[in-house]
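Visitor: Could we go through this one together? I'd like to ask as I look.

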Protein chains: 2
Amino acid sequence: MTPESPPMTVGVRERRKSLGLTQAQLAEAIGVSRQTIISIERSDYAPSVYLALRLAVRLNSTVEQLFPLEGESR
Amino acid sequence: MTPESPPMTVGVRERRKSLGLTQAQLAEAIGVSRQTIISIERSDYAPSVYLALRLAVRLNSTVEQLFPLEGESR
DNA sequence: GGTGAATGTCAACTCCACTTGACACTGCAT
DNA sequence: ATGCAGTGTCAAGTGGAGTTGACATTCACC
């Protein structure tokens, strides 16, 4: 990997699991329902920017990494 | 400013103006209505994460900079 | 096999996110 | 003064974002 490569895209689910969190724990940590986490992980709907930011903070990531624009759904 | 200072928060309106764009131009560039840009700039409502990402791309910024979490409304 | 934890699915509900359209207001140049 | 570009405001409409609650399914472990 070159020093200038773009940041790797990592989904919410993958990132959550890599931190050993359950959906319920993540939901509670950022103040939403578990169903919301499921829906976001499944791309059922796009979260608000502030919810995305809270996810990024808790998952030690960035919005750009968690919610890729190009080539992805939505 | 120290080399390790956090990125400065810049609002959507300020960033747009610094690039010399009108609301209408920005709206067209990212594929939304001008009214949407107004509402976002005035924090009438929180945009979806993908809209925020498109804004960040067009404004050569990041979501974290344009939509600060701490101390802000929402 | 059973059990418990974790995840998935469904549905009804409320309110927000964004649209369109049109008029009002502001700032600047002439 | 007028005209134009840019911005603000209002309103009605649609569909999505997120909630709760409950049951189904999957997975890991004993």
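Visitor: Which are the buried residues of H4(B)?

Guide: They are Val49(B), Tyr50(B), Leu51(B), Ala52(B), Leu53(B), Leu55(B) and Ala56(B), where buried means under 20% relative accessible area, exposed over 50% and partly exposed in between, with a 1.4 Å probe and protein chains only. Helices (H or I, at least four residues) are DSSP runs numbered from the N terminus. This is a predicted model, in which local features need pLDDT of at least 70 and side-chain atom pairs count only at pLDDT 80 or more, while totals for chains, interfaces and linings use all residues. Residues are numbered from 1 along each chain as its sequence is written, chains are lettered from A in the order in which they are written, and side-chain values use heavy atoms, with hydrogens and water left out.

Visitor: How many of the ten residues of H4(B) is that, and what do they pack against?

Guide: Seven of the ten are buried, so the helix is mostly covered by that definition. Those residues pack against H4 and H5 of chain A, and also against helix H1 (12-18), H2, H3 and H5 of their own chain B.

Visitor: What does Leu55(B) touch?

Guide: Leaving out residues up to four places away in sequence, Leu55(B) touches Val12(B), Leu26(B), Ile30(B), Ile37(B), Ile40(B), Leu66(B) and Phe67(B), contact meaning heavy atoms within 4.5 Å.

Visitor: Switching to the interface, what is the area buried between chain B and chain A?

Guide: About 1500 Å², with 74% from carbon and sulfur atoms; buried area is the accessible area (1.4 Å probe) that two parts lose on being put together, summed over both. Val49(B), Tyr50(B) and Leu69(B) supply 40% of what chain B buries against chain A, more than any other three residues. The contact takes 17 residues from each of chain B and chain A.

Visitor: How many salt bridges and polar contacts are there across it?

Guide: The rule finds zero salt bridges, taking one as a side-chain nitrogen of Lys or Arg within 4 Å of a carboxyl oxygen of Asp or Glu. Four residue pairs, both at pLDDT 80 or more, are in polar contact, that is, a pair of N or O atoms within 3.5 Å, where within protein one must be able to donate a hydrogen and the other to accept it, and residues adjacent in sequence count only if both atoms are side-chain atoms. On the side of chain B that touches chain A, the largest share, six residues, comes from H4(B).

Visitor: And Asn60(B), where does it lie, and is it buried or exposed?

Guide: Asn60(B) lies in the loop between H4 and H5 of chain B and is exposed, with a relative accessible area of 57%. Its phi is near 50°, a positive value in a residue other than glycine.

Conventions
Helices (H or I, at least four residues) and strands (E, at least two) are DSSP runs, numbered from the N terminus.
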